[in-house]
Amino acid sequence: MMKCLLRKSVFFGSTLVALVFLCSGVTFSQGLDKEVSMEENIPTSEGLTVKYIATDLNGADRALGQADPYKLELQIQDLAFPNGGGSVQEVEVRGFHNGETIFFGIKWNDASKNDRAIAHAQFKDAVGLMFPLETVKEISPEKPFSPRMGDRGKPVNIWHWKADWEKELNVDGGKEHMEDEYPNMFTDFDFNPDPIHFHKETYESVPLMAGGISAGSLLSQANRGRSVEDLNAVGFGTLTSQEHQDVNGKGSWSNGKWDVVIYRPLETSDENDVKFVPGMSTFFNMAVWNGIEGDRNGQKSVSIRWRPLKIETVK
Amino acid sequence: MTLVHNWHLGRTMEYPYFESRPEHQFAAVFNINRCIACQTCTMAHKSTWTYSKGQEYMWWNNVETKPYGGYPQHWDHKILQLLWDNGNNPMEWYTSAKDKDETKAPYGLYNGDTIFELARTKGLNQVAVGYIPDDKEWRFPNIYEDTAASEKTNYETGPAAESSELPEHKRWFFYLQRICNHCTYPACLAACPRKAIYKRKEDGIVLIDQKRCRGYRKCVEQCPYKKSMYRGETRMSEKCIACYPRVEGKDPVTKGRRMEARCMAACVGKIRLNGLLTGDYRKPDPKNPMDWLIHIHKVALPLYPQFGTEPNIYYIPPRWAPRSYLRQMFGPGVDEALDKYASPSRTLLAVLQLFRTTQTMLSRFEIEDGEKIFESEVMGKKVEVYNDTVIGFASDGTEMVRVKVEEPTWESDEKRMITY
C-alpha cells in the first residue's frame, strides 16, 4: 500500500515538475522576437495630410510638389526575427487625392539602383506602405494595433512597390529573364546567329516546369502590368498577395535617389483593400528595402510607430 | 527555440519547432564503395526535373569527388569552417560505452554546437549558420573530378601500389553522391520566415510551397547541404522533391505501389537502396531493409551529423579513405560500420543484394538459408559466404524480388559456341 502510494506520489510529482518547466516558457516561447513595447502602440503626434488637389496622374508630379512633405525616420527592424535593415535612415512622403484616386509620392536616398533579383545574391530595392485594413480611430497602449504587420483579427493592407517590377513594366515581354542577367548563358563565344533555336526546349518548357508560374505567383509572371503588389498580412510571416490587384505605381532612380509614386482608387470593390473616404483619418507605416545590403523580408528599414494619416475633404 | 531529440547526436538540441516526426521517413542508403561516378543518377534527375530555363545550374542530385570536389564549390569546407568558429566549437564526440544508447544515441554523444545552436550562441541574425554561395561556386558541379589527395607528392610516395594498401590508402579519393537529405530537422524549413517550406507527415519529404515562396533565399543561405536553390527565372527557390509522385505510387509501372526516386532507380552501379524508414526511430523494424541497415546493423551513416539537421540519406563509408576524414564526414560510427562492411555478416551480404533489383520500394525482407560457398580472411577476420536467398516484399506484402548471394551464371554448350 505504502509502496503504491510512494510510486504514485513520485509519478505525480514528476509530472508537476514537468508541467512547471513546460509552462515556464523555456520550451514554449520561440524566444527570438522582442516583446511588444509600450512605444509601439503610441502613434506619433505628427502625421501626413493627404490634400485634395483636382488633377490626374499626368499632373501628379506637380501636385505632389504642392503637397506638404512628411519625413519619417527609419530604423533597423529588430523586433521580429530575422532582423536587419537600417541602411536607409529617412524617407519622405507626400500625398494628395482628387476625389477618386489617392496618390503617395515617396522619396529616399539610395546610392545604388538595384532593380533585378535574378542572380543568387541579388536583391531588389523596394518600398512598402502599410494601413490597418479596417478603420482605426485610435491606437494606444489600451487599444493596441501591432505595427508588426498587423495581428490576428487585426489585418493590414500593404502596398509594396518593387524596383524590379517597375523595370519589367518597360521591357519587352513584360519580364526580365535569365539571359538578361547572363547574356552568355548558352554560349561564351556567340558564333550562332540564333542561339535560342538550339535551346528551344529549354525555353518552351518554362511554363510547364516552373512551379512559380504554374502556382500563379505574381513574382514569376510576365506582364503584371503594375509595379506595386497589393497584399494583406496578419503578423510577420503571413504576407499574402491578393487575388485582386488594385494598386499601381511608377518610380525612377536618379542621382542616388528613388522617386516613387503609388496610387489607387480611394475605394475599391475588394473587401481586402483599405477604404479611403475624404475627411477620414487613419494610420500608416512605412518600410524601405535596400537591395545592395541584402534587404528582403524582415531585413528592412522601418518606421515602427504608427503615423496619423488625414485625408482632406473634397473642396 | 524548443528542445528536440536528435538521435544522430545522441542528445536533445535546439530547434525552432517542436519535434514532430513523420509516420514514415523517405530515406536511402548509398554504398560509396560501389560508386563509379558515372553520373547516371545526376542525368536521370536532370532530365526529369531541372531541364528548364533558370535551372541550368541546378543539380538536385550530384556526385562529387572528395576531398576536393564539391557542388557548390567548397560547400562542406565552408560550413565546417563556420561551425568550427575559430576553434570555439571543436565538434567533439563522446563515444564511451556510457555515452551510447542502442536507439537514442547509437554513435555516442555530440559535444559541440549544431548549426542551430551556434547561430543562437553567437546571436546571429539567422536560425542556422550558413551563407549564400555566389555564382562562381555553383558553376562547376564536377570540379576536381577524380583528383586524389595525398600528403606527399607522387615522387615522395613512390610506387602507387605502396601508397594504396588497405586499411587506409595514402593516396585516395572517393565519390560522394548527394541529394537533398529530407532532414528530420530541416534547416531550410527552420530558416524560412514565412513557413513556405513544409515536411510531409506521411513520408517526411521536405517541399517548398511555390505559392508561398517569395524568393527571400533564407533556405539557400541556411541549408548546410546547399540543396535549396534559387531560380532567377521564377524569382523563387526550388529543391529536390524526392520524386514524390513516384514515392506516392502514382507511376503506373509499379501498379500503385511506392516507387523509388528517379536518381535511385537509374543507378547502374547498384549503390542505392531507397525506401521508407519507420517514423519512430526507437522502434525500428528489423525486417525493413532501411531500418535494418541504418538502425539495427548501423552500417550506413548520416552525412555530417554534427550539423544537427538529422539528415536521412545514409552512406556506407568507403573502405580505403583515411578514418579521420571519414569520422569528420560521417561521425564516430565510421569504424564500426567499416568493420561490419569489410567482413560482412550473413544478413548484410544478403541485404546488399537487394540494392537496385526493383523499382518498387521494399518494406520487408526475408532470408532463406543456403549452403556455404566461400570462406576467406579479411583484415584478420574470418569471412564466410553462404548462398542465401533474399526475398524483398512491397508494403502490400507482394513479393517483388528474389535473389541469391551468388550471382547465377550459365555456360553455353559447346555446339552453340561452334555455330558462332
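Select A:R296 and B:E221 first: these two residues form a salt bridge, and their closest N and O atoms are 3.8 Å apart. The term salt bridge denotes a side-chain nitrogen of Lys or Arg within 4 Å of a carboxyl oxygen of Asp or Glu. The model is predicted, so local features need pLDDT of at least 70 and side-chain atom pairs count only at pLDDT 80 or more, whereas totals for chains, interfaces and linings use all residues. Residues are numbered from 1 along each chain as its sequence is written, chains are lettered from A and ligands numbered from 1 in the order in which they are written, and side-chain values use heavy atoms, with hydrogens and water left out.

Next, display the whole boundary of chain B and chain A. The rule finds four salt bridges across this interface. Chain B contributes 44 residues to the contact and chain A contributes 53, where contact means heavy atoms within 4.5 Å. About 3900 Å² is buried between the two chains, 52% of it on carbon and sulfur atoms; buried area is the accessible area (1.4 Å probe) that two parts lose on being put together, summed over both. Within chain B, colour B:K53, B:R214 and B:R235, which lose the most area to chain A and together make up 19% of what that side buries.

In chain B, 39 residues of domain 1 are in contact with 24 residues of domain 2. Select B:D339 and B:K381, whose side chains meet in a salt bridge (3.9 Å, N to O).

Finally, centre the view on B:Y341. This residue lies in helix α13 (residues 334–342) of chain B, a helix being a DSSP run of H or I with at least four residues, numbered from the N terminus. Is B:Y341 buried or exposed? B:Y341 is buried, with a relative accessible area of 15%; buried means under 20%, exposed over 50% and partly exposed in between (1.4 Å probe, protein chains only). Leaving aside neighbours within four places in sequence, B:Y341 touches several residues, including B:N31, B:I316 and B:L348.

Technical notes
Helix = DSSP H or I, 4+ residues; strand = E, 2+ residues; numbered from the N terminus.
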